[in-house]
Amino acid sequence: MSQRFKNQLIAKVITRFPGLAKRFIDAYEPWASGEPTPWTPVTKPLSECRVALVTTSGVHHKGQEPFDMADSAGDPSFREIDAATISNDYVITHDYYDHADAEKDLNIIFPIDRLRELQDEGVIGDLAARHYSLMGHIDGHHIATLVGQSAKKIVERLKRQAVDVVLLTPA
Amino acid sequence: MGLVQREIEKAGIPTVGVSIVREYTEKVQPPRTVYVKWPFGHPLGEPGNIRQQRAVILEAFKVLYSSTTPGEIVDLPFRWRRYDYDSYAEPKSLEPIRE
């Protein structure tokens, strides 16, 4: 049985029986920098804010290179998501959770349609045109790439789009 | 996810995250978090449950505007299917806290 198949099977079992998830949660130790928690206060009403999503659910467009699931330390790269097309053009590359439900409704991991509705209702100012997707569970030497390269590039692109607020969703 | 969130916040953009594994969030200490004790792969809820998905998003934005403690994790009161999402009172507008 291949490791990828095993991971996919475990993901399905722990999604159905969350009590079993504890072992797998305990097996992964997230990296903590030990630095103080950064803080930027919000200064504008939400109705004037441009909102972007950043997700670690492994969603991406069909034409983009899939995340590398063969590396047990994860894939620290990111994909840029086009808000206008993602609802009709997406695939999820992630073996560590069961994404059968997210394949039925993208919004449970990447709530792009919900944010568009909130934009149309005037609750948020507007929705950014481009959003960012990664896969979680990054480990070992890939952490430096994630923080030092991918996160920096995502920040540059968010700033270029004048994003005011970021909502982050895992899976 | 929290590591990327911290970098975005550090660069001057306010952030709020949804967590489904409280232990990880406690360790990584992202600036602001709402936690839901829900199955993996479902941070915003169930497919097609628009009221449920909106409730999580709006609670996250509420925390973005109300939290004053870096690293705060707010446990949301939603109990998966055992919560009446139609009864959730949505905030219509959110404004920065005035000192």
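Helix α5 of chain A bends: a kink of about 30° is centred on Ala151(A). Keep in mind as you look around that this is a predicted model. The helix runs over residues 142–160, and its 19 residues reach 26 Å from the first C-alpha to the last, close to the 27 Å expected at 1.5 Å a residue. Just after the helix, Ala162(A) takes a positive phi of about 55°.

Let us move on to strand β7 of chain A, residues 165–169. Here 5 of the 5 residues are buried, so the strand is largely enclosed by the rest of the structure. In a regular strand the side chains alternate between the two faces of the sheet. In β7(A), Val165(A), Leu167(A) and Thr169(A) lie on one side, with Val166(A) and Leu168(A) on the other, and both faces are covered.

Which strands pair with β7(A)? One belongs to chain A and one to chain B:

| Strand paired with β7(A) | Sense | Bridges |
|---|---|---|
| β1(A), residues 50–55 | parallel | 5 bridges |
| β1(B), residues 15–19 | parallel | 3 bridges |

Thr169(A) in β7(A) is the bridge partner of Thr55(A), while Leu167(A) has Val16(B) of β1(B) as its partner. Both Thr169(A) and Leu167(A) are buried.

Technical notes
Residues are numbered from 1 along each chain as its sequence is written. Chains are lettered from A and ligands numbered from 1 in the order in which they are written. This is a predicted model: local features need pLDDT of at least 70, side-chain atom pairs count only at pLDDT 80 or more; totals for chains, interfaces and linings use all residues. A residue is buried if 20 or more other C-beta atoms lie within 10 Å of its own, exposed if 12 or fewer, and partly exposed in between; C-beta atoms are placed from the backbone. Helices (H or I, at least four residues) and strands (E, at least two) are DSSP runs, numbered from the N terminus. Two strands pair if DSSP finds at least two bridges between them. The expected span of a helix is 1.5 Å times one less than its number of residues. The bend at a residue is the angle between axes fitted to the seven residues ending there and the seven starting there.
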